[in-house]
Amino acid sequence: MINQISKPFANNVRLFAQKKIILQPSLSTAFLPICSWESCVKQQCTSFVRWNSEVVGQRNSTPVDDAVISKNLDVVIHSTSTNTSLTSPNAAKDEVQLNSSTSTNTAVSTRVPKLTALEKLKRLDEILPKVSQSFNLATFVNRSPVLQQFVKLGVNVSEYDKDVEKASYVLLLDFETDVKPHLFFLYHLGVPPERWARILTKNPYILKEDLDVLTTRVQYLRSKKFSQNDIATLASYPNWLSNSIESIDTKLAFIQKMFDLNGDEVRAVATRLPRIVFSDQMTIMDVYHLLSDEYAFTKAQLKRLFLNNPRFFHLCKYQTRAKMKLLIDKMMIPVDMVVKFNKVLTCRLHVLDNRHYFLKSLERAQYDPKLPRFVSLDALAVLPDELFATTVAKSTLEAYRCFQKTL
């Protein structure tokens with residue numbers, strides 16, 4: 001009886017191999033009673049579809065539904081019936097059917113148009129399961145039109161991976177209705193397109209703001225006599241327009257009162273460094289009182305220092321104290337010169353320290369402008385290593401680098 005069953009069973013296996021379908025062998029299908037060719041194929045398909053459904057169900061932790069199995073079975077039977085290459089009981093008739101189906105498939109394949117890359121991706125999206133979870137936005141780029149447009153604008157979408165809420169918000173946006181109107185608004189303000197990417201990278205929540213609210217905030221800046229170029233500069237800072245009018249007014253008033261500034265000076269500082277307006281007020285106060293209490297800076301000197309180099313007040317008090325110890329205690333530079341050559345305050349501490357001791361080893365650490373061989377503090381802080389070694393230290397770059405290795 002086994003020999004009688006083996007031939008149709010082998011033919012069924014050959015059929016599924018030709019269709020590139022992997023069968024799960026089972027004893028229940030190997031010892032079926034002798035039956036017609038169609039029923040044998042149907043039983044083999046039932047076994048395969050049920051096994052495949054059980055595997056998928058275990059993978060997805062979902063129960064196997066008999067209705068789904070029946071539907072998949074009809075699909076498999078329909079696909080196998082049109083590509084028959086078995087030796088059925090009527091071999092000549094099957095051979096004729098095979099030739100006709102082959103010619104039919106060839107004719108159909110010639111009529112199928114070539115798909116573009118985007119159409120292929122869409123077909124894959126239809127076939128592949130939906131993405132339920134991902135650790136970054138790269139998985140959704142081919143499926144999200146707004147992410148594709150952000151990439152074209154130059155937005156660094158990898159920054160959104162650091163914040164789940166920000167990434168979820170961006171994925172739900174519609175580029176035509178949620179993004180385009182805000183980009184047109186920035187364009188009319190005078191913000192150049194090359195700065196849009198930075199704004200959307202750092203603060204995509206600006207797209208949440210209503211355009212009427214943004215217009216009101218711009219009108220507030222105009223009421224404070226900011227020019228159109230100043231407003232474009234302030235709007236280029238990612239978080240400026242996301243703050244309310246009350247918040248902006250409070251922060252500008254704090255800076256004006258702390259350094260005793262007039263209206264023009266407030267506008268000049270805000271335009272020169274917009275982020276200083278939104279810096280932590282306690283940090284600014286700590287630096288202010290450190291310079292005034294420990295190093296005897298006057299209010300006029302602090303005001304001049306803030307107008308010329310507001311970035312220095314963005315540092316924490318520990319960095320400020322370490323830098324002032326080097327400038328005033330070790331390099332013996334008076335306060336007036338620190339205010340005058342204020343670029344030295346924003347130079348990195350280790351760079352300033354290395355250059356000072358290199359000049360000291362060459363007996364060129366002379367910072368008094370009234371004495372010969374004077375070294376400008378701006379040149380000490382701004383020049384690159386090669387120019388510093390050749391023009392200021394009158395040495396070579398190799399000698400300076402060898403000296404750095406000894407520190």
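This is a predicted model: local features need pLDDT of at least 70, side-chain atom pairs count only at pLDDT 80 or more; totals for chains, interfaces and linings use all residues.
Biologist: What span should the 14 residues of helix H15 have?

Modeller: The expected span of a helix is 1.5 Å times one less than its number of residues. For H15 (residues 281-294) this gives 20 Å, which agrees with the 20 Å between its end C-alpha atoms.

Biologist: Which residues of H15 are buried, and where do they fall when seen down the axis of H15?

Modeller: An α-helix has 3.6 residues a turn, so residues three or four places apart point the same way. In H15 the buried residues (under 20% relative accessible area, with exposed over 50% and partly exposed in between, 1.4 Å probe, protein chains only) are Ile 284, Val 287, Tyr 288, Leu 290 and Leu 291. They fall within an arc of 160°, so they line one face of the helix; the arc is that of the directions from the helix axis to the C-beta atoms. These buried residues pack against helix H13 (245-259), helix H16 (299-308) and helix H17 (317-330).

Biologist: What does Ser 279 touch, not counting residues up to four places away in sequence?

Modeller: Contact means heavy atoms within 4.5 Å, and on that basis Ser 279, in the loop between helix H14 (263-272) and H15, touches Ile 284 and His 314. At 8% relative accessibility, Ser 279 counts as buried.

Biologist: How many aromatic pairs does the structure hold?

Modeller: Rings of Phe, Tyr and Trp (its six-membered ring) pair if their centres lie within 6.5 Å, and planes under 30 degrees apart count as stacked, over 60 as edge-to-face and the rest as tilted. The structure holds 12 aromatic pairs, among them Phe 259 and Tyr 288, which are edge-to-face at 5.5 Å centre to centre, with 80° between the planes. Phe 259 lies in helix H13 and Tyr 288 in helix H15, so this pair ties together parts that are 29 residues apart in sequence.

Terms used: Residues are numbered from 1 along each chain as its sequence is written. Side-chain values use heavy atoms; hydrogens and water are left out. Helices (H or I, at least four residues) and strands (E, at least two) are DSSP runs, numbered from the N terminus.
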